[in-house]
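Me: Hi, I've got a model here and I'd like to talk it through. Could you look at it with me?

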Amino acid sequence: MELNIHVIFDRLKKYNPEINTNCEYELSLKQVRIFEASKELEQDYLYLVSENDFISYHERFVNAQVVLLGNGRETDFTMSAIMIRGEYSFLDVFQTIQDIYLYYETWNLELLKCIASYKKIDVVANIASQVLNEPFFLFDVAFKEICIGGSISGNYANPDFKHVVDNGYLPCENQQGSKELIYSYEKCGRKLYPSIGTDVNRTNMLLNIFVNKEFFAIFLSMDTMEVCSKGQISLMYYIRDLLELSFTSVSKSFQIEETSDYYIKKLLDRESVKENVISRALIKYNWKTEGHYYVYTICNRNGVALGRVKQEFCLLRLKENLNSAIILAHDDYILIIINLVDEEQEAKFTNILINLLTNLEVGCVKSQLFERFTDLSIYYQQTLMVIKFGKNFSDNSKFISNFKNEFFSCISGKLSESVDFAVWIEPAVLKLHEYDFKHNSEYVKYLKTFLICGCNIKLASQHLFFHRNTFVYRLEKIRQIMGFDIALSSDEEKIQVLYSCVLLEKKE
């Protein structure tokens, strides 16, 4: 299990440590290592270092997280670090930190086993609470009732929520709190208050739990007399995610989804997920957040969503035959997410996929190539647009339809207001737009003018009042940013790029 430097700090109290860090609450440190000058430092490890080494190699610790052992008199203690002053044994401190990792790893493994084996929610909750400082962390009344029942009722409703809205506190609480700071479901509608817990006031904290995208319960500590440590807050966030996973699993009859798939699904639903969390979810696939990604969305040949039985059958067969891809059920479809680094690999994958689609008698839509995994939801929306509006999707001779080929038929269809604007933008143009925003340049404008002028350099440079050589230089810059030469593209590609430029211009 990965930990946060604040969690380590909480359990090093016997050394009277000091801490100086602006780290966020996500768990991110894999293990502890002893600093060795001959080895490079990795950002996802915690390093134990002596004060002498820290001073000698100070510049190497700028982006690292460390436990520093020494007297601290000559140390520039301004980075992310825990300081232990005094004559403590270096080996003793190292073994203590290793024991901390072992303790949480054992706890985490027991918790995940309970979730994977569909244990009752009260069992999962009891194990989860073992690492929290009782009695300062409480479950809300609704959550307690769910734990007692051990399952989720189909007609679940809790009158205690109304009590919170009306009075600002739960019926079991002796003290009244501020309902603005605790919970107000009616005022916010479906958008709930963000989590509470700051450096100034960590006596109130609220975490909202969702099951299948619907608000379900609150897991919180509120109006306590003690200040919550940042380590406890980090663990609360992690437990909240595991409880969501547990709740979701007992509300489904098929196998529990893996933790990595859980975060990817949140990304698909356009929920906020930190990039470092996605990065950790991709480790098992040996992928990074930057790559050459495609989304393939699978449905019935006529564009209708898959039924429950068909979905489970296809999911099983695809996972058996496509080991290099992320394959998961989402909504009423099956998604295949693949990182293809070259044309040869793409061609091989396409052949295998077509054979599978033929045998399974299902259709598939392929998104455009995208480079940032965190943009996944945009390109998933692309595939849904083809399923809904693509003219040639139901062509029985085609097993894989392509968003790029269906671009204009999708535009001519009725568009849902919920569709992301970026779905219609050529990824290379979006990259150019982001470059403009970052560098205060106007390359999208130059590209649009060039295309309107029929890719005539002389005519475009005259319209922009540039010298011809100046415009040639800027076209080369555009080519470098986009990754291809628009002048060599097909007419259809030029039209799509031009349309993307116009859409971006209207958006601004």
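Me: Which hand does the crossing of α16 and α19 have?

Reply: The two helices, α16 and α19, cross in the right-handed sense. A crossing counts as left-handed if the near helix is turned anticlockwise from the far one by less than a right angle, and as right-handed if clockwise. Helices (H or I, at least four residues) and strands (E, at least two) are DSSP runs, numbered from the N terminus.

Me: And how are the axes of α16 and α19 placed?

Reply: The axes of α16 (residues 427-439) and α19 (residues 468-482) come within 9 Å of each other, and they cross at roughly 115 degrees. Axes here are lines fitted to C-alpha atoms, for helices over the stretch in contact, and angles run from 0 to 180 degrees between N-to-C directions.

Me: Which residues meet there?

Reply: From α16 you have A428, V429, K431, L432 and Y435, and they meet K477, I478, I481 and M482 of α19. Contact means heavy atoms within 4.5 Å.

Me: What about H433, buried or exposed?

Reply: H433 sits in α16, and with a relative accessible area of 18% H433 is buried. The cut-offs are under 20% for buried and over 50% for exposed, with partly exposed in between (1.4 Å probe, protein chains only). The C-alpha of H433 is also separated by 7.5 Å from that of Y443, 10 residues apart along the chain.

Me: Before we go on, what should I know about where these values come from?

Reply: This is a predicted model, so local features need pLDDT of at least 70 and side-chain atom pairs count only at pLDDT 80 or more, while totals for chains, interfaces and linings use all residues. Numbering runs from 1 along each chain as its sequence is written, and side-chain values use heavy atoms, with hydrogens and water left out.

Me: Where is confidence lowest, and where highest?

Reply: Helix α8 (residues 185-188) has the lowest confidence, with a mean of 28, and strand β11 (residues 333-339) the highest, at 93. pLDDT is the predictor's confidence in each residue, from 0 to 100. The chain average is 75, and 71% of the residues score at least 70. Two stretches stay under 50: residues 168-205, with 91 contacts beyond four places in sequence, and residues 221-226, with 24 such contacts.

Me: OK, big picture. How many helices and strands are in the chain?

Reply: The chain has 20 helices and 14 strands. Of its 508 residues, 50% are buried. Among contacts with a separation of 6 or more, 60% are between residues 24 or more positions apart.

Me: What is the strand order in the open sheet of 5 strands?

Reply: The order is β1-β5-β4-β3-β2, with mixed pairing. Because β1 (18-20) and β2 (32-34) stand at the edges with a single partner strand each, one side of each has no neighbour in the sheet. Neighbouring strands are turned by 25 degrees against each other on average, direction ignored. Two strands pair if DSSP finds at least two bridges between them.

Me: Why is β4 largely enclosed by the rest of the structure?

Reply: β4 (residues 65-70) is largely enclosed because 6 of its 6 residues are buried. Q65, V67 and L69 point one way, V66, L68 and G70 the other.

Me: How does β4 pair with β3?

Reply: β3 (residues 46-50) runs parallel to β4, with 5 bridges, and V49 stands opposite L68. Between β3 and β4 the chain passes through helix α2 (residues 51-56), in a right-handed β-α-β crossover. Right-handed means that, with the strands pointing away from the viewer, the path from the first strand over the helix to the second runs clockwise. β4 also runs parallel to β5 (residues 81-85), again over 5 bridges, and M83 in β5 is the bridge partner of L68.

Me: Switching to β12, how many of its residues are buried?

Reply: 5 of the 5 residues in β12 are buried. V362, C364 and K366 are on one side, G363 and V365 on the other. Strand β9 (residues 290-300) runs antiparallel to β12 with 5 bridges, while β14 (residues 400-402) runs parallel to β12 with 3. K366 is the bridge partner of Y296 and stands opposite N402 in β14.

Me: Last one: where does S367 lie?

Reply: S367 is in the loop between β12 (362-366) and β13 (370-372). Its relative accessibility is 1%, so S367 counts as buried. Beyond neighbours within four places in sequence, S367 is in contact with Y294, V295, Y379, Q382, T383 and F403.
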